Amino acid sequence: MKRAQIVAGNWKMNLSFQEGRDLAKEIINNSSPNEVLMVLCPPFVHLNHLSTLVNGISHLEIGAQNCHHLSNGAYTGEVSAGMIKSVGCSFVIIGHSERREYFAENDELLTKKVDAVLGNGMRPIFCCGEKLETREADNQEALVQSQIENALFHLDSEAFSKIVIAYEPVWAIGTGRTASPEQAQEMHAFIRSLILKKYGHEIADSTPILYGGSCKPDNAAEIFSQPDVDGGLIGGASLKANDFIAIASSFPQH
Ligand code: PGA
């Protein structure tokens, strides 16, 4: 089965409104419709405007980087999934390692956020991945298994079919140190085997699993050529239109 190919740009806490608008326009003007879906995930203040910019462009969608797990209420400073949906987003990154690390997001909370995103008709890009000490102890598979089981395996097949998974080894994020193509493939195949056991072939074969962590134009092709790697979640390199477009053009040609 042919899986969706996705390259998502996680802008993190970068770019003013004007800079973000200019970057999005450059990406729009210099990329052409093809089979790769490009998802721009800017800070909240950009979402509304960027949604209008990409409206009607089939290879571009907008996603948020986080959401609150409840729908509304006295939670000063927070933004709900419903609000994100209402400005035209179709994806939300959930469980990024920076959220887990700096905002103490745990599996229990992430389960609720996943439900909030799905409940509002959007697709979670669910992040998982181990820290360096876990890899050095060779416990990365057990850790990633628990992250996925705890936050996602309560879903029924219909709901799970909307999930995008991003494997991001924490030691590779923003460090310039990428997982080798073999390390990425090994973990992606392991994740797909977990999905297979729980949800069966059809869903395992169609779930996009993205790689994230220092993915750049010069290493994307090798990583994307691995059979279980369906694209990337791109941080630093998503802030330059040329680099982001080059990465989205790095899939093997069939
Ligand atoms: P990076 O970030 O590409 O800058 O390593 C990836 C991410 O954190 O999503």
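In this predicted model, 13 residues surround the ligand. The closest are Lys-12, His-96, Glu-168, Gly-174 and Ser-214. By class, the shell around the ligand divides into four nonpolar, seven polar and two charged residues.

A polar side-chain atom of Lys-12 sits 2.7 Å from an oxygen atom of the ligand. For His-96, a polar side-chain atom is likewise 2.7 Å from a ligand oxygen. Gly-174 uses its backbone: a polar backbone atom there lies 2.7 Å from an oxygen atom of the ligand. These pairs count as polar contacts because the cut-off for N or O atoms is 3.5 Å. How much of the ligand's accessible area does the protein cover? On its own the ligand has 280 Å² of accessible area, and the protein covers 97% of that.

Now turn to the fold. Eight strands close into a barrel. Their order is β1-β2-β3-β4-β5-β6-β7-β8, and the pairing is parallel. From one strand to the next, the twist averages 25°. Strands of a sheet pair through backbone hydrogen bonds.

Take one pair as an example. Strand β2 covers residues 36-41, and β3 covers residues 60-64. The two run parallel and are joined by three bridges. Met-38 has Leu-60 in β3 as its bridge partner.

Helix α5, residues 107-119, touches β4 (91-94) and β5 (123-128). The direction of α5 makes about 155° with that of β5. Helix α7, residues 140-152, also packs on the sheet, touching β5 and β6 (164-167). Between the directions of α7 and β5 the angle is about 150°.

Definitions and conventions
Residues are numbered from 1 along each chain as its sequence is written. This is a predicted model: local features need pLDDT of at least 70, side-chain atom pairs count only at pLDDT 80 or more; totals for chains, interfaces and linings use all residues. Side-chain values use heavy atoms; hydrogens and water are left out. A residue is near a molecule or strand if one of its heavy atoms lies within 4 Å of it. A polar contact is a pair of N or O atoms within 3.5 Å; within protein, one must be able to donate a hydrogen and the other to accept it, and residues adjacent in sequence count only if both atoms are side-chain atoms. Accessible areas come from the Shrake-Rupley method with a 1.4 Å probe; for residues, only the protein chains shown count as cover. Ala, Val, Leu, Ile, Met, Phe, Trp, Tyr, Cys and Pro count as nonpolar, Asp, Glu, Lys and Arg as charged, and the others, Gly among them, as polar. Two strands pair if DSSP finds at least two bridges between them. Helices (H or I, at least four residues) and strands (E, at least two) are DSSP runs, numbered from the N terminus. Axes are lines fitted to C-alpha atoms, for helices over the stretch in contact, and angles run from 0 to 180 degrees between N-to-C directions. Contact means heavy atoms within 4.5 Å.
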